[in-house]
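Please examine the sequence and the three-dimensional structure shown here. A report on selected local features accompanies them.

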There are 2 protein chains.
Amino acid sequence: MLEDKAPQKTDIASLGEFGLISHLTQYFTITQNSTVKGVGDDCAVLDAKGLKTLVTTDLLVEGIHFNLSYMPLKHLGYKAVMVNLSDVYAMNAEASQITVSIALSNRFPLEAVEELYSGIQLACEKYNVDLVGGDTTSSTKGLLISVTAIGHAEDDKITYRNTAKENDLLVVTGDLGAAYLGFQVLEREKQVFEVDPNNQPDLDEYTYLIERQLKPEARKDIVKILHDLEVVPTSMIDISDGLSSEAIHICQQSKVGCNIYEDKLPLDPQVISTCEEFDLNSTTVALNGGEDYELLFTIAQSDFDKIKGNPHLTVIGHMTDEASGMNLITRGSNQSVPLTAQGWNALLDQNTDS
Amino acid sequence: MLEDKAPQKTDIASLGEFGLISHLTQYFTITQNSTVKGVGDDCAVLDAKGLKTLVTTDLLVEGIHFNLSYMPLKHLGYKAVMVNLSDVYAMNAEASQITVSIALSNRFPLEAVEELYSGIQLACEKYNVDLVGGDTTSSTKGLLISVTAIGHAEDDKITYRNTAKENDLLVVTGDLGAAYLGFQVLEREKQVFEVDPNNQPDLDEYTYLIERQLKPEARKDIVKILHDLEVVPTSMIDISDGLSSEAIHICQQSKVGCNIYEDKLPLDPQVISTCEEFDLNSTTVALNGGEDYELLFTIAQSDFDKIKGNPHLTVIGHMTDEASGMNLITRGSNQSVPLTAQGWNALLDQNTDS
């Protein structure tokens with residue numbers, strides 16, 4: 001018997017819109033008590049039971065935010081959820097529901113969309129959020145994903161960007177710059193592949209970097225850690241555009257300054273070695289790399305003892321008065337260099353329409 | 001002095017993403033008590049105060065859902081909000097907040113996006129909803145708008161699709177088919193214009209139809225009317241894909257049948273005359289036209305006296321047992337014809353990618 005090696009490709013139009021939605025969401029289960037009604041009516045119905053409700057939304061566009069030549073669809077689905085959950089956690093809140101809307105051209109067969117949804121489902125299961133709605137439509141070009149995340153928190157736990165105080169400590173979770181370097185490694189391999197498709201890349205030494213780029217994890221754990229430590233940050237933001245850009249957001253919105261110490265920036269060994277290989281300055285990469293989806297927050301100095309020694313948290317500086325500005329204090333020479341936001345800016349990126 | 005007649009065109013990239021968001025949202029005010037925090041942090045924060053929270057989202061794609069050759073951007077912004085509010089009202093709930101994400105190619109100058117947002121703002125003001133967040137990014141082709149609407153309702157007022165009962169009356173708001181005919185009129189004029197750009201169309205006799213297509217209004221008033229009449233529908237849905245398709249949704253999800261009477265279908269005189277002009281069957285247009293954004297709901301027979309004579313509400317039929325099926329009872333001959341869902345299906349529409 002001959003095996004049919006051709007992968008199955010089902011035309012999406014054969015299912016119709018409602019058929020597609022029910023097909024894609026059939027294996028999603030509802031686990032949140034706050035979900036009264038999920039997919040299948042004009043609206044999802046949520047019940048906040050006296051908690052505050054939080055809402056955030058992000059749009060990911062093929063050719064702008066992701067490149068399917070090295071981003072597997074399952075990873076893309078997972079990452080699209082992470083990007084939004086990260087915004088909820090950056091409010092010191094619990095994420096509980098998401099809606100997912102996709103627009104896709106007819107170059108995507110059903111199996112491709114299933115891959116995308118399998119990543120969304122994995123994210124929902126791992127982070128304990130319910131998919132409660134969305135929209136599915138066609139596009140004239142490419143794939144686009146719009147995710148809205150909903151969360152809940154007690155009023156006195158919600159942490160904004162504009163409430164940092166002078167003398168607060170500036171704390172970052174995890175490490176910085178790896179996602180950006182993962183992107184650089186993948187871009188390089190893509191170019192090598194385009195020149196010689198038989199070249200088999202050995203990416204073992206970049207595993208952590210590539211994982212940070214392709215399968216980032218939102219820091220749900222930090223919200224729990226802070227809760228357990230009885231620390232309520234004075235301000236918080238997630239690092240999507242780079243540490244420098246996000247620190248500037250906190251400072252400008254809180255009307256304070258900051259000093260960030262170069263020698264305190266947490267870097268993974270793979271970041272350091274790959275920066276050397278690519279001839280990149282690791283401090284620049286840590287400050288401006290972006291897409292790390294770590295959390296940046298400020299705490300009162302009196303809370304320092306509670307977080308001291310926690311392996312997830314690094315104190316990288318402190319807040320100053322507004323007039324002192326936002327500065328990097330360099331390693332060794334202790335020079336004060338003004339921070340600049342060189343973060344990734346979607347609107348300055350690739351624009352190929354005419 | 002010579003006047004500069006060239007319209008101002010500002011490159012969006014010059015503002016940057018955050019600059020663009022704050023520029024576009026500067027004139028939006030927060031009016032809802034339930035809005036704790038709007039635009040400007042990782043999430044908006046809402047407070048439901050013991051009410052249930054409702055969430056719905058829709059994606060509108062250029063070339064699929066709208067055509068900018070006859071859809072002014074301000075109208076498009078307005079309509080994108082209406083499409084979502086309509087879903088909230090279809091749950092018998094109050095809409096209170098929206099988020100708006102847009103992806104746009106660089107063929108759109110800032111002034112075009114401002115036009116779009118002026119329509120969104122008008123909708124927010126008229127319907128008393130707050131813009132609380134969103135995302136703004138570039139696309140490789142065309143314009144895409146993703147709106148998420150959030151609403152609130154008391155638990156015992158929320159009306160689902162799957163709770164219609166046998167013998168309930170089937171009621172529709174407003175009139176049917178006008179939005180579809182408005183689309184036909186605009187398409188015809190576009191073709192005339194393409195042949196002879198000097199031809200000035202006289203669209204006076206189609207004013208209502210065109211307005212229904214370009215500037216639909218969501219039926220917020222119906223939620224209030226029902227509340228004042230002390231009627232809680234047994235089921236409800238909004239008519240985006242056409243009466244026939246939506247009636248089938250209610251029946252299938254509620255496991256009932258229905259009889260809809262052809263001679264009860266509410267038609268505007270412009271619908272009747274334009275159907276004659278275009279040689280279209282007005283019943284087919286009313287059943288399958290779509291985009292009317294009216295509400296379709298069922299009520300217990302005992303509530304009939306409460307709605308009787310209301311100019312916004314028309315009883316068009318009643319629910320039967322599931323085995324009797326979903327039927328149109330024809331005018332004059334009283335024949336029973338099975339309803340079919342010929343509604344607009346985004347996934348079968350234009351697909352020009354390759």
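## Basis of the description

This is a predicted model, in which local features need pLDDT of at least 70, side-chain atom pairs count only at pLDDT 80 or more, and totals for chains, interfaces and linings use all residues. Residues are numbered from 1 along each chain as its sequence is written, chains are lettered from A and ligands numbered from 1 in the order in which they are written, and side-chain values use heavy atoms, with hydrogens and water left out.

## Salt bridges

A salt bridge is taken as a side-chain nitrogen of Lys or Arg within 4 Å of a carboxyl oxygen of Asp or Glu. Over all chains the count comes to 34 salt bridges. One of them joins R161(B) to D42(A), with N and O 3.1 Å apart. This pair crosses between chains: R161(B) is in the loop between β6 (143–153) and β7 (169–173) of chain B, and D42(A) is in the loop between β1 (35–37) and β2 (44–47) of chain A. Residues are classed as buried under 20% relative accessible area, exposed over 50%, and partly exposed in between (1.4 Å probe, protein chains only). R161(B) counts as buried at 11% relative accessibility, and D42(A) counts as buried at 3%.

Within chain A, E262(A) pairs with R331(A), the closest N and O atoms being 3.7 Å apart. E262(A) is buried at 12%, whereas R331(A) is partly exposed at 46%. In another pair, D228(A) meets K224(A) at 2.7 Å between the closest N and O atoms. Both lie in helix α6 (residues 220–228) of chain A, four residues apart, about one turn of the helix. D228(A) is partly exposed, at 48%, and K224(A) is exposed, at 52%. A network of salt bridges links R212(A), R219(A), D221(A) and E294(A).

## Helix packing in chain B

Helices (H or I, at least four residues) and strands (E, at least two) are DSSP runs, numbered from the N terminus. The axes of α5 (residues 207–214) and α8 (residues 269–278) of chain B come within 9 Å and cross at roughly 100 degrees. α5(B) is therefore roughly perpendicular to α8(B), a class that covers angles of 65 to 115 degrees. T207(B), Y208(B) and L209(B) of α5(B) make the contact with Q270(B), V271(B) and T274(B) of α8(B), where contact means heavy atoms within 4.5 Å.

## Helix α7 of chain A

Because 10 of the 12 residues are buried, α7(A) is largely enclosed by the rest of the structure. The buried residues include E246(A), H249(A) and S254(A). K255(A), which follows α7(A), has a positive phi near 55 degrees.

## Surroundings of T99(A)

T99(A) lies in strand β4 (residues 94–104) of chain A and is buried, with a relative accessible area of 2%. Residues up to four places away in sequence aside, T99(A) touches several residues, among them L131(A), G133(A), S146(A), V55(B) and T57(B). The C-alpha atoms of T99(A) and D130(A), 31 residues apart along the chain, are separated by 8.6 Å.

Note on methods
Axes fitted to C-alpha atoms, helices over the stretch in contact; angles between N-to-C directions. Parallel < 35°, antiparallel > 145°, perpendicular 65-115°, else oblique.
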